[in-house]
Amino acid sequence: MKTCVQKKISSFILCIALIVAIALLTTGCNGSSNEGRAPASEQVADTQADHADKAQTSGTDSDTQSDNSISDDSQTSGNDSDTQSENSTDDSQTSGTDSDTQADSRVLGEGSTQFTFTVADSDGNETSFEIHTDKETVGEALLELELIEGEDGEYGLYVKTVNGITADADKNGTYWAFYINDEYAQTGVDSTPITEGDSYLFKVEKA
């Protein structure tokens, strides 16, 4: 009888031990599985954080590209402005040169008769004038406008100074030669009648 009871107790204890062992094993497996895996809410939060970081990086890249684009456009615009400014300066200089050239041709006097008078110095530089006068001779018109100065001689007015430039054969071996329509004049300037449309030239030459 005792042996039978002892066997039953032993079986009962063994069953309890098996149940406890199974429970411990089950708890251990679940614990390991849970330890290796983060809760679903945390995984969602991590994913959102990753997307936020990517969005910030993308925004930074866009801002950088925008800044570079604005900078490049500004520099290009500045270069264009500089180029335009330089072109404007060149145009102004060209215009100034044209004005200087035009200034060499001057209109002097008043009157119904018009002729061209040119002065050529010893260096070959020429200055032209458009003369308007009512005088009858070239000499009278030029004397009135104080373009020539000289002395009365045996053959009329001997011109020594033209447009402020002096030529004297006795001092520097040069004189003022008088030309009519590019031909050496056969008359003195004070005895040469004015012909409408003719051109008259005084040129420094060696005596």
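**Exercise 1. Which residues is Thr133 in contact with, leaving aside its neighbours within four places in sequence?**

Solution. 
- Step 1. Apply the cut-off: contact means heavy atoms within 4.5 Å.
- Step 2. List the partners of Thr133: Glu110, Gly111, Ser112, Thr113, Phe115, Ala141, Glu144 and Ile194.
- Step 3. Thr133 is found in strand β3, residues 126-133. Strands are DSSP runs of E with at least two residues, helices are runs of H or I with at least four, and both are numbered from the N terminus.

Some ground rules. This is a predicted model, where local features need pLDDT of at least 70, side-chain atom pairs count only at pLDDT 80 or more, and totals for chains, interfaces and linings use all residues. Residues are numbered from 1 along each chain as its sequence is written, and side-chain values use heavy atoms, with hydrogens and water left out.

**Exercise 2. Is Thr133 buried or exposed? Find the backbone atom that its side chain reaches.**

Solution. 
- Step 1. Recall the classes: buried is under 20% relative accessible area, exposed is over 50%, and partly exposed lies in between (1.4 Å probe, protein chains only).
- Step 2. Thr133 has 1% relative accessibility, so Thr133 counts as buried.
- Step 3. The Thr133 side chain reaches the backbone nitrogen of Lys135 at 2.9 Å.

**Exercise 3. Describe the surroundings of Val138.**

Solution. 
- Step 1. Val138 is found in helix α3, residues 138-144.
- Step 2. Val138 is buried because its relative accessibility is 0%.
- Step 3. Not counting residues up to four places away in sequence, Val138 touches Phe115, Phe178, Val189, Thr192, Pro193, Ile194 and Tyr200.
- Step 4. Val138 and Gly188 are 50 residues apart along the chain, and their C-alpha atoms are separated by 9.3 Å.

**Exercise 4. Which residues lie nearest the centre of the largest pocket?**

Solution. 
- Step 1. Define the site. On a 1 Å grid over the protein atoms alone, a pocket is an open set of points where a 1.4 Å probe fits, with protein on both sides within 12 Å along at least five of seven lines; lining residues have an atom within 4 Å of a point.
- Step 2. Of the 17 lining residues, Leu157, Tyr158, Trp176, Phe178 and Gly188 lie nearest the centre.
- Step 3. Strands β5 (156-162) and β7 (174-180) are the elements that give two or more residues to this lining.

**Exercise 5. How many helices and strands does the protein chain have?**

Solution. 
- Step 1. Count the elements: four helices and nine strands.
- Step 2. Read their order from the N terminus: α-α-β-β-β-α-β-β-β-α-β-β-β.

Terms used. Polar contact = N/O pair within 3.5 Å; in protein donor to acceptor, adjacent residues only side chain to side chain.
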